[in-house]
Amino acid sequence: MTESTLPAALRDGIDQLIADTLAPQVEAIDHGQFPEAFLRALGRLGGFGAALPIAQGGLGLDLAAQVEIIAQVARTCGTTAFTVWCQSSCVWYLRQSHNTAAQARYLPALARGELLAGTGMSNAVKHLAGIERINLRARREGTGYRVNGALPWVSNLGPGHLLIAAAALDEGGYLMFAVPSGAEGSTLRACPSFSGLEGSGTYGVHLRNVLVPADDVLADAEDFCAYMQRIKPGFLLTQIGMGVGLVQASIDTIHAANRRLQHVNCYLDDQEDDLARELHALLSTTQALARQDQAAPLLSVLRARAQGSELSLRATQSAALHAGAAGYLMSSPAQRRLREALFVAIVTPALKHLRKEIQALEALQAA
Ligand SMILES: Cc1cc2nc3c(=O)[nH]c(=O)nc-3n(C[C@H](O)[C@H](O)[C@H](O)COP(=O)(O)OP(=O)(O)OC[C@H]3O[C@@H](n4cnc5c(N)ncnc54)[C@H](O)[C@@H]3O)c2cc1C
């Protein structure tokens with residue numbers, strides 16, 4: 001395994017918290033319990049602000065450390081790792097904003113997990129990649145904006161949580177903004193049941209003439225394109241943490257199953273050593289890119305994110321095959337991880353979306 005980028009005390013503290021608070025709740029979370037107590041406690045350890053300077057309430061480490069924290073959580077619970085990604089992404093968005101009023105209002109509370117937040121960016125990210133129409137529209141009103149529209153599913157939400165999203169402006173361009181809980185005109189609606197990620201606090205969000213004051217604008221139309229470039233590498237690289245943890249856990253499952261079944265499991269694809277080698281390569285690449293922060297080349301970042309999805313799908317399937325019928329029990333983490341890995345490959349940017357962007361960038365470079 002690639003060397004840990006986390007200080008030992010932090011790593012051990014998070015491991016202990018996972019063992020005490022998260023591990024006993026994993027099945028309940030899979031069936032719909034939101035891991036609030038764990039998230040609040042992880043916030044107190046600094047688990048959402050690894051890449052945030054100490055002066056802003058973070059740990060003063062880097063994105064590679066944030067990837068590792070998300071992977072540590074995903075090794076036990078993919079759903080919770082996704083909520084950690086949501087929260088740390090919101091910290092990342094605030095950090096990259098030039099709006100010091102919004103930073104002062106939200107950043108320390110987000111980094112400490114006192115304020116939980118959802119990132120409703122899938123639609124905008126897909127829209128900017130030419131995949132779908134934008135759902136939210138904004139028009140100027142005084143120094144602020146009025147926003148209308150709906151997002152079908154946004155996670156890490158609940159009463160008291162903050163929403164961060166983007167809208168197209170009537171006059172042209174885009175806007176990224178925060179909506180505090182209880183803002184007039186904003187409502188959360190329950191989603192239909194999912195096959196996994198049920199405890200991710202996922203809701204449909206409806207915004208009806210919601211007022212976004214200037215203090216809650218993270219990027220205005222002038223800054224939006226540059227802002228998206230600033231946040232995109234971190235957005236993608238930290239998602240790889242979810243895949244890394246799932247692959248690590250799958251390798252653990254394969255190792256355990258092979259104590260009894262090596263004589264027949266040896267006929268399966270994606271053996272423990274192969275997966276460990278590929279995981280090591282993915283993690284090294286991801287950490288090297290994460291240390292470059294916003295300077296990381298986008299094509300390499302997209303390729304690493306796609307590899308994270310592909311490897312998660314293969315590793316979780318191999319683990320389920322290695323575990324056999326025992327892995328098919330509802331109580332088995334092997335079958336849960338198959339569903340979690342599928343989520344890594346469908347959450348924006350989905351594997352198909354990544355391949356579209358990779359192909360477009362490769363064509364651009366070849367021209
Ligand atoms: C459990 C879960 C949690 C998610 N959390 C977030 C989050 O925190 N933030 C966020 O921005 N996005 C979130 N998403 C959305 C996710 O990132 C993808 O955008 C979504 O899964 C669609 O991607 P796709 O590639 O399948 O879209 P496509 O295949 O291009 O699908 C087309 C569009 O149709 C919509 N659609 C399809 N079926 C339905 C339906 N039954 N009801 C409503 N719309 C539908 C999809 O949203 C999608 O935009 C979540 C999705 C799931 C399943």
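## The ligand and its surroundings

In this predicted model, the ligand sits in the largest pocket. Around the ligand there are 20 residues, and Ser122, Lys126, Glu132, Ser155 and Lys352 are the closest of them.

**Polar contacts and burial**

- Serine 122 places a polar side-chain atom 2.6 Å from an oxygen atom of the ligand.
- Glutamate 132 also takes part through its side chain, where an N or O atom is 2.6 Å from a ligand oxygen.
- Methionine 121 contributes through its backbone: a polar atom there is 3.2 Å from an oxygen atom of the ligand.
- The ligand taken alone exposes 940 Å², and 67% of that is buried by the protein.

**Where the shell comes from**

- Both domain 2 (118–219) and domain 3 (224–366) provide at least three residues of the shell around the ligand.
- Four elements each give the shell at least two residues: the strands β1 (117–120) and β3 (144–154), and the helices α7 (122–128) and α12 (333–346).
- Strand β3 supplies the largest share of the shell, with three residues.
- Sorted by class, the shell holds 11 nonpolar residues, six polar ones and three charged ones.

**Backbone features worth a look**

- Most peptide bonds are trans, and most residues other than glycine have a negative phi.
- Threonine 348 and proline 349 are joined by a cis peptide bond, with omega at about -5°.
- Proline 349 belongs to the loop between α12 and α13 (351–366); helix α12 is also one of the elements that supply at least two residues of the ligand shell.
- Asparagine 209 is not a glycine, yet its phi is positive, at about 55°.
- To find asparagine 209 in the model, go to strand β7, which covers residues 203–212.

Technical notes:
Residues are numbered from 1 along each chain as its sequence is written. This is a predicted model: local features need pLDDT of at least 70, side-chain atom pairs count only at pLDDT 80 or more; totals for chains, interfaces and linings use all residues. Side-chain values use heavy atoms; hydrogens and water are left out. A residue is near a molecule or strand if one of its heavy atoms lies within 4 Å of it. A polar contact is a pair of N or O atoms within 3.5 Å; within protein, one must be able to donate a hydrogen and the other to accept it, and residues adjacent in sequence count only if both atoms are side-chain atoms. Accessible areas come from the Shrake-Rupley method with a 1.4 Å probe; for residues, only the protein chains shown count as cover. On a 1 Å grid over the protein atoms alone, a cavity is a set of points where a 1.4 Å probe fits but cannot get out, and a pocket is an open set with protein on both sides within 12 Å along at least five of seven lines; lining residues have an atom within 4 Å of a point. A molecule sits in a cavity or pocket if more than half of its atoms lie within 2 Å of its grid points. Ala, Val, Leu, Ile, Met, Phe, Trp, Tyr, Cys and Pro count as nonpolar, Asp, Glu, Lys and Arg as charged, and the others, Gly among them, as polar. Domain bounds come from an automatic or database domain assignment.
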